[in-house]
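Work through the exercises below with the sequence and the coordinates open. Each task is followed by its solution.

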Amino acid sequence: MNGIIVGAGRIGYNLATKLQTDHDITIIDKDIDAYDRASEQLNCYVVHGNGTNTSILEKEDIDKIDFFVAATGNDEVNLLCSVFAKEHEVTTIVSKLNNPDHASIFKKLGISVINPERSIVRYIARMIVRPTAQSLVTIGKGDGEILEVKVKNRSIAGKTVKQIENNTDKFIIISKYIGDDIIIPNNGTILNYDDSVAVLIKRGHLLEIRDYFTEDGFEL
């Protein structure tokens, strides 16, 4: 996949390091030291410039990229360039959030944000390579993973948790989200189309269970 990362600081640099082997990455940074470091040490195309400069973004074919990450230390810069990426219909857009007070602004504009206090590099990388997942984290000893996903399979929409799980040992539905509220479901809780849910999945079954919730007509 092709992607643009604005900001070659700690977050942008480490993320590019993680993704550069399998993806074509362009990094944009106006700081000359960050630019020099990325140019010398990363196998990426590095641009010296401001991420809010629309001419730079257009020159780097923002219309053709698969993902866009705004990783600067300035929320205004991250917001502006993310909005530009959204206007150009980039599939996956993730922005670093430096001040939690600004979260509502990003949310209103439909831009996903990550707070640096979380495991940001791994989190963003997994959002890019698994775009149907809003969140994916390894838990315990690595035997299970939590996938947050929207119900898009109409064949399970409208059914109860018990019916959807159907005595399987591959996954457990652990929560349902209504706005900012989290509901801990019981067997009788109904999942509707487009509901957001968190699912605990046994290792090795992630893609299968993801498709079960997101692919219309998919059956286990």
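**Exercise 1.** Over the ring of which residue does the charged end of R37 sit?

Solution. The model is predicted: local features need pLDDT of at least 70, side-chain atom pairs count only at pLDDT 80 or more, and totals for chains, interfaces and linings use all residues. Residues are numbered from 1 along each chain as its sequence is written, and side-chain values use heavy atoms, with hydrogens and water left out. A charge sits over a ring if NZ of Lys or CZ of Arg is within 6 Å of the ring centre and within 35 degrees of the ring normal. The charged end of R37 sits over Y13, 3.6 Å from the ring centre. Likewise, R154 has its charged end over the ring of Y193, 4.0 Å from the centre.

**Exercise 2.** Classify the pairs that F171 forms with Y212 and with F213.

Solution. Step one is the rule: rings of Phe, Tyr and Trp (its six-membered ring) pair if their centres lie within 6.5 Å; planes under 30 degrees apart are stacked, over 60 edge-to-face, the rest tilted. Step two: the F171 and Y212 centres are 5.9 Å apart with planes at 55°, so this pair is tilted. Step three: F171 and F213 are edge-to-face, at 5.6 Å and 80°.

**Exercise 3.** Which parts of the chain does the pair of F171 and F213 tie together?

Solution. F171 lies in strand β10 and F213 in helix α8, so parts 42 residues apart in sequence are tied together. Helices (H or I, at least four residues) and strands (E, at least two) are DSSP runs, numbered from the N terminus. F171, Y212 and F213 form one aromatic cluster.
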